[in-house]
Amino acid sequence: MTTFKRLALASAATFVLGACATAQSTPDFPLERAKKTSAQMVGEERVQLTWGIMPLAIGDGTEIPEDAIPGAGYISGIPRLGVPALKETDASLGVSYVGGLRGDYSTALPSGMAQGATFNTDLIEIGGATIGREAHSKGFNVLLAGGMNLIRDPRGGRTFEYLGEDPLHSGLMAAASVRGIQSEHVISTLKHFALNDQETGRHFVDIKIDDDSARESDLLAFQIAIEKGQPGSIMCAYNKVNEDYACGNNYLLNSVLKEDWGYKGWVMSDWGAVHGLEDALNGLDQQSGSQLDKDLFFHDKLLQAAETDPAYDERLTDMNERVLWGIYSVGVDANPPVIRDIDFDKNAHTAQKVAEEGIVLLKNDNGTLPLTGDETRIAVIGGYADSGVLSGGGSSNAQTEGGPALALPLGGDGPFAMFMTESYHRSAPLKALKTKAPETTFSYRRGDYIANAVETAKNSDVAIIFATQWMTEGIDVASLALPRGQDELISAIAKANPNTIVVLETGGPVDMPWIDEVAGVVEAWYPGMRGAEAIANILYGDVNPSGRLPVTFPKSEDQLPRPMLDGFDMDIPSFAPHSDTIPLEVDYSIEGSDIGYRWFAKKRIEPLFPFGYGLSYTSFAQNDLSISGDATKLSASLSVTNTGDRAGMVTPQVYLVSVNGETKQRLVGFSKVDLAAGQSQQVNLVIDPRILAEWENDGWSLAAGDYSFAIGNNAADLKTPVTVFLHARQWTD
Ligand code: BGC
């Protein structure tokens, strides 16, 4: 097994030369321009693009330039050379709210999980273009959008921001978002590179993983997203990986990202993730939000080092060329942001479409759903369904006109107290449901008092419970149990009414101890600014559910590789800053590259709901899987038919299931197909051989043998395997 450390030995200074050689090997006009501009930079200009501030008046004396816009970051430009200032905003779910400081509002897309659940790259590209255009119309030219860490632990506080647990799926979905954003001449930033999967001790947790496992999972996801999305920038993570901070990690930044993958854009730090000047030699190109670091390393100190040390001098040139490559390749200088009106109605429509395709129907006994509109009385209980739909907390939070419908402070009084607010978008399920069924009487109960909610449920034809689990950046959830006694409430309502439907607004997987007691379950995630309308359309069948789980729902935390989240018992304060004294390691060798459904397949354990799972109001048949090609180029084809009596979308999934008879499960391709009742379609999928291979001895290796593939309704429902023989093959790219 290749050890991670061995690869990290390549000296950073030697690498700088290697990087230039890789970059020059193909004609690249943005790079040629970048080299020309960088060659003209003199004196302080050379360290103008290498550091930035948070353009927020936080009382630390930082001078905020006049042209800066309140947001996440600002990097001064070089007007003499036509280099624009970089104006950065969060994030993947919409142009972020920053506590309302700008006094504006934006389109709030559904959470990353909801986006992942669409399995629809075309739709996610449209979503990306939507927020890209909004950012551009508000004066921003860099979006810190592209959160794509794999869900190794569903308790991670940022689970809701990310796309799922599978490298191919997350890589393709993230790439689509990047393409959409950058089509509007706004740079997109994939983050957080890499292995940034928990918030507990996020500034110092040390992830232990071997090179092979990392390359076949988390790194592969980034590799695919970079190849197919060509992002201008990458944000490195807070955590350590095998002892070195991710933003000063020679292996991750130099050896893998820049040398092996030939990445030409720049690496910006996460905010407060820079630990010293030497991070530059280890591959970091830009110090972001520098007020949050111990020192401003990438300004005078970098310039002085460059004047005396050739390694820093070469590095500084490379750093500038990389930032400029990002600017030129996305056309940021030629297409500067233009403050203009935003078509919020059109964008809200996109947000609703994403929500509708991302909502997953998990259970539907006896055709309880869709509702008919003929119900006399419906009880609507819990989840502040009279006010709005839940959104996740932290830097990604976007808000629509007027700010949140409801903002519940959850305590704390430090600088991060603002993050500790459970907020709800102005899209109220109760109102949306009433619009669908004017003849039905809807009775709302908050659910605080179980007894009166039960009485209302008893006297209704159907009871719909909205159950919530709030997640935020900075804090992991304590467990997968729904908080605030909601499990008890659901069980009590289910006993009172056989037609009980649970609508979940959760960041990710949750326990469902009541699953056998209720008639239906709908996972709506954090469904964004038109979430209620989307939920109502699904419940009444105006939209046929087509979302599929992008993450495995375990039966209980005992089924996870780590039944207890590492560090959770250490009572580390939320948002705790850097610490070299708190020892916190997380050992990823337990699951290696077998994250999520791969882990469940390997261990032969049955989850509550598997990856790829989701029901529809129609039925589909998927048949005739054939695999063609060889070890260099492989493809799958299958036929799908809508066998029911209403139109619907299906997500064909093809999995590798075994190699030479040994279980090895990998999603190798997926698509999303819209079919009228009775309609059939042939689906062709290209299989990336890296998904089948192992990473060993610094390259991909495909063993000779029998590879079996199957059509999956989901990762646990696989049928009629087809086996092909593949010759051995080794390669590096
Ligand atoms: C987060 C990033 C975010 C940055 C700027 C950090 O705390 O980890 O995802 O882009 O802040 O807001």
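Guide: Let's start with Phe 119, which sits in the loop between helix 4 and helix 5. Please keep in mind that this is a predicted model.

Visitor: Which kind of peptide bond joins Asp 90 and Ala 91, and how do you know?

Guide: The bond joining Asp 90 and Ala 91 is cis, with an omega of about -10°. Ala 91 belongs to the loop between strand 2 (86–89) and helix 4 (112–117). Most peptide bonds are trans.

Visitor: And what is omega for the peptide bond from Lys 191 to His 192?

Guide: There omega is near 0°, and this bond too is cis. His 192 is part of strand 4, residues 187–193.

Visitor: How do you know what to call helix 12 and helix 16?

Guide: The same test works. The axes of helix 12 (residues 344–358) and helix 16 cross at roughly 45°, coming within 8 Å. Therefore these two helices are oblique to each other. Helix 12 passes helix 16 in a right-handed crossing.

Visitor: What about helix 3 and helix 11: at what angle do their axes cross?

Guide: Helix 3 (residues 29–39) and helix 11 (residues 310–330) have axes that come within 8 Å and cross at roughly 130°. Roughly antiparallel needs an angle over 145, and roughly perpendicular ends at 115. So helix 3 is oblique to helix 11. Helix 3 passes helix 11 in a right-handed crossing.

Visitor: Now the second largest pocket. How many residues line it, and which lie nearest its centre?

Guide: The lining has 26 residues, with Leu 172, Lys 228, Phe 670, Leu 685 and Val 686 nearest the centre. Among the elements giving two or more residues to it are helix 6 (167–182), helix 8 (218–229), strand 24 (662–670) and strand 26 (680–687). About 540 Å³ of space lies in this pocket.

Visitor: Which domains does the lining of that pocket draw on?

Guide: At least three residues come from each of domain 1 (37–330) and domain 3 (620–731).

Visitor: And what classes of residue make up the lining of the second largest pocket?

Guide: By class, 13 are nonpolar, 5 polar and 8 charged. Leu, Phe and Val count as nonpolar, and Lys as charged.

How values were computed:
Residues numbered from 1 in each chain as written. Predicted model: local features only at pLDDT ≥ 70, side-chain atom pairs only at ≥ 80, totals over all residues. Heavy atoms only, no water. 1 Å grid on protein atoms, 1.4 Å probe; cavity = no way out; pocket = protein on both sides within 12 Å on 5 of 7 lines; lining within 4 Å. Points joined across faces, edges and corners; volume = space filled by probe spheres on them. Helix = DSSP H or I, 4+ residues; strand = E, 2+ residues; numbered from the N terminus. Domains from an automatic or database assignment. Axes fitted to C-alpha atoms, helices over the stretch in contact; angles between N-to-C directions. Parallel < 35°, antiparallel > 145°, perpendicular 65-115°, else oblique. Left-handed = near helix turned anticlockwise from the far one by under 90°.
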